[in-house]
Amino acid sequence: ARKQVIVVTPTYNRALQAYYLNRLGQVLRLVPPPVLWIVVEMNVASTETADILRGMGIMYRHLVCTKNLTNIKDRGVHQRNTALEHIEHHKLDGIVYFADDDNIYSLELFETLRDISRFGTWPVAMLAQSKNKAVLEGPVCNGSHVIGWHTNEKSKKLRRFHVDMSGFAFNSTILWDPKRWQKPISPSIRQLDTIKEGFQETTFIEQLVEDESQMEGTPFGCSKILNWHLHLEAREVGYPRGWLLQKNLDAV
Ligand code: UDP
């Protein structure tokens, strides 16, 4: 049987939300099942998101995170934790992948997730903050062995692993059956909300693996870009005037 892919997406209401959710959902629809899309919103499940999910034709769970935001920079952190709790509580079996709604993903990426045994990582293409230059973040590999890291200029030397949020995936059983992975029974694995920006990923990953030897670089040689994290935020795109065209639509 094919391994289940569990895609976790925090989302929130903004101008391009429907565009992002449709774009990601339609890629997921092309991935051979089983695929489970866990979409998490803050405070309330919006009817707009519910409508998009219902019409997408894929398996999904629409969850709500009710934790109070302590820091505006905790973008998506508590929502991802809500999904992790759900996966742990229901012992969902599959490969967990954090897919933010605004990134671009190839179909091939989701297919390669199924080859991951414990923890897989791969390079992600990004735009550098200052120059409009594409850079990579993620593993340098010899076959599937991780032997080093591409870093971008934001990277701090102190980071243990230079991985983007959309550049790794892991076996969900690490969350609810750690003994299987020779991990001591530890408190629940969660994203931490008190750490400096830029350290979210490495701090989380340090809970899943000891070091590079427990990682699988993917696809073979880590020589292919399968997704892009370009920071093309919605706020730079204005609403067209008269966005609500109710009257015109009715007239058609
Ligand atoms: N996000 C969210 N609530 C927020 C801000 C972000 O749910 O208040 C989600 C967003 O939809 C995306 C993820 O968190 O799926 C990452 O957000 P963003 O793209 O702003 O982070 P960046 O790409 O800048 O790291």
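Me: How many residues does helix α1 have, and what distance does α1 reach from its first C-alpha to its last?
Reply: This is a predicted model, and in it α1 covers residues 17–30, which is 14 residues. At 1.5 Å a residue you'd expect 20 Å, and α1 comes close to that. From first C-alpha to last, α1 reaches 20 Å.

Me: Which residues of α1 are buried, and within what arc do they fall?
Reply: The buried ones are Q17, Y20, L21, L24, G25, V27 and L28. Look down the axis of α1 and they line one face of the helix, because they fall within an arc of 160°.

Me: Which exposed residues sit on the face of α1 turned away from its buried side?
Reply: Buried here means under 20% relative accessible area, and exposed means over 50%. On the face turned away from the buried side, the exposed residues are R29 and L30.

Me: What do the buried residues of α1 pack against?
Reply: Both strands and helices turn up here. The strands are β1 (5–10), β2 (35–42) and β5 (104–105). The helices are α2 (47–56) and α4 (107–113).

Me: How many residues surround the ligand, and which are the closest?
Reply: There are 14 residues around the ligand. The closest of them are P10, Q79, D101, D102 and H229.

Me: How far is a polar side-chain atom of H229 from an oxygen atom of the ligand, and what share of the ligand does the protein bury?
Reply: For H229, that distance is 2.8 Å. Taken alone, the ligand exposes 530 Å². Of that area, the protein buries 86%.

Key: Residues are numbered from 1 along each chain as its sequence is written. This is a predicted model: local features need pLDDT of at least 70, side-chain atom pairs count only at pLDDT 80 or more; totals for chains, interfaces and linings use all residues. Side-chain values use heavy atoms; hydrogens and water are left out. Helices (H or I, at least four residues) and strands (E, at least two) are DSSP runs, numbered from the N terminus. The expected span of a helix is 1.5 Å times one less than its number of residues. Buried means under 20% relative accessible area, exposed over 50%, partly exposed in between (1.4 Å probe, protein chains only). The arc is that of the directions from the helix axis to the C-beta atoms. Contact means heavy atoms within 4.5 Å. A residue is near a molecule or strand if one of its heavy atoms lies within 4 Å of it. A polar contact is a pair of N or O atoms within 3.5 Å; within protein, one must be able to donate a hydrogen and the other to accept it, and residues adjacent in sequence count only if both atoms are side-chain atoms. Accessible areas come from the Shrake-Rupley method with a 1.4 Å probe; for residues, only the protein chains shown count as cover.
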